[in-house]
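Reader: I'd like a close look at the pockets in this model. Please walk me through what lines them.

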Amino acid sequence: MNNRKMVLVVVSALGCILLFAQQKRTASVSDLSGSDKANLNNAVNLFDQGRQVFRFTTFDDQTFWGDALKLHQAIEGAKFGGVGSGLSPKAALAVGLKVDVDALPASLIEQLKQGKVNLDDPAVTLALLKLNSVVGVTGFFNPDDSLKSVGIQCALCHSTVDNFLTQGIGHRLDGWANRDLNVGDIVSLAPNLQPFANLLGVDQATVRKVLQSWGTGHFDAELALDGKAFRPDGKTSAVLIPPAFGLAGVNLHTWTGWGSVPYWNAFVANLEMHGKGTFFDPRLDNAAQFPVAAKAGFGHVKNVPDVITPQLASLHFYQLAIPAPMPPKGSFDQEAAKRGEIVFNGSGKCSTCHVPPLYTEPGWNMHTPSEVCVDSFQADRAPDKRYRTSPLNGLWTHTKGGFYHDGRFSTLLDVVNHYDSCFSLGLADQGKTDLVEFLKSLPQPKKDKDNE
């Protein structure tokens, strides 16, 4: 058989395979019962709605970030009716804001490639906001194109981009922790921090000092509950932004297990994003543990109309649909990872708590600080005063900033050494490095049952 005939045979075979796969997929849908089709349509609709909420819904929080704090004035600058020099694209990217390349017109993409866009001009930032391309931030404009207000979405902290075009500009990666984001520095730009000052009982200068202490990739959700801005050792109380992918099957959310995923969505949308909804948690009435929240009545929030609660179901569904991303090819030593898996399930005793394939406990995935040999400061800021067994899938995506809730361990090897000491495991050096490679390999590819 000559080369031409061989190519034709291969192409024909591939065509048959693709056709068969398409027919099989079509047949499987057409064979569904009426109720199953309704369930499938519901799933698709919830996914679409939830993605929209995650990426673009502000829950009317622009009345806080814009109308109250006047953050939009700092963004546009005095030249465009605001205050100060304005926020240039270069400065925005420097504090970790991201730009969705898929929202940009082809002409602008080409100009960016050629270096013809002035990234030092706040006017370009306003143009990017008009295109709705700044991930997690929405600009609201007046008829004369001046910036009227600004709001934020879930995607601000829990999405990044793949840097397809350049650093900070690329395709969205929903669910990824934005460890480049400096939330504190961004919020501290607001001309009016008096609402925070009133809540915490301090002056605006103190609020700004606290915000600027957080650092890159950190956020302090409990500050507005207990007013504890700093740890006893003087370090910031802010913790690392966690990922929002790979949550299907995982019980409690956040580092300290405040509640389920939809609980935390309601908590953040109402109390952190300052949207307008309903939130109920009488645990926040405990003035001894949550003096700020108890005084402000944060455990009993009621807004009319409630624009948050109707969005929670679809938002939850979308988050559960986001899988933990597979590690890049060549990012870990495969042979070492295989050996590391044996350590993980054996002498390392890791799987006792990080149960595969969830890599957290099915059920009540919580532990006291003493059980994991760490201090109780952050745990004591949560109702249950415990730490959650964090899922390990996709660990490779959020190595920046360190590990554990506060980044106290710089590397995975540091984490392994901590547990080796905590549990007196006596692991050999080779076993430790193999274990690190296994952790870098998660999630592992799922086996295709049809091909087993």
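Author: A pocket here is an open set of points, on a 1 Å grid over the protein atoms alone, where a 1.4 Å probe fits, with protein on both sides within 12 Å along at least five of seven lines; lining residues have an atom within 4 Å of a point. This is a predicted model, where local features need pLDDT of at least 70, side-chain atom pairs count only at pLDDT 80 or more, and totals for chains, interfaces and linings use all residues. Residues are numbered from 1 along each chain as its sequence is written, and side-chain values use heavy atoms, leaving out hydrogens and water.

By class, you get 18 nonpolar, four polar and two charged residues in the second largest pocket.

Now the largest pocket, with about 880 Å³ of space. Here 42 residues do the lining, and those closest to the centre are His354, Ser390, Leu392, Tyr404 and Tyr419. Strand S12 (387–388) and helices H17 (412–422) and H18 (429–440) each put in two or more residues, with H17 giving the largest share, five. The lining of the largest pocket splits into 26 nonpolar, eleven polar and five charged residues.

Key: Grid points are joined across faces, edges and corners, and a volume is the space filled by probe spheres set on the points. Helices (H or I, at least four residues) and strands (E, at least two) are DSSP runs, numbered from the N terminus. Ala, Val, Leu, Ile, Met, Phe, Trp, Tyr, Cys and Pro count as nonpolar, Asp, Glu, Lys and Arg as charged, and the others, Gly among them, as polar.
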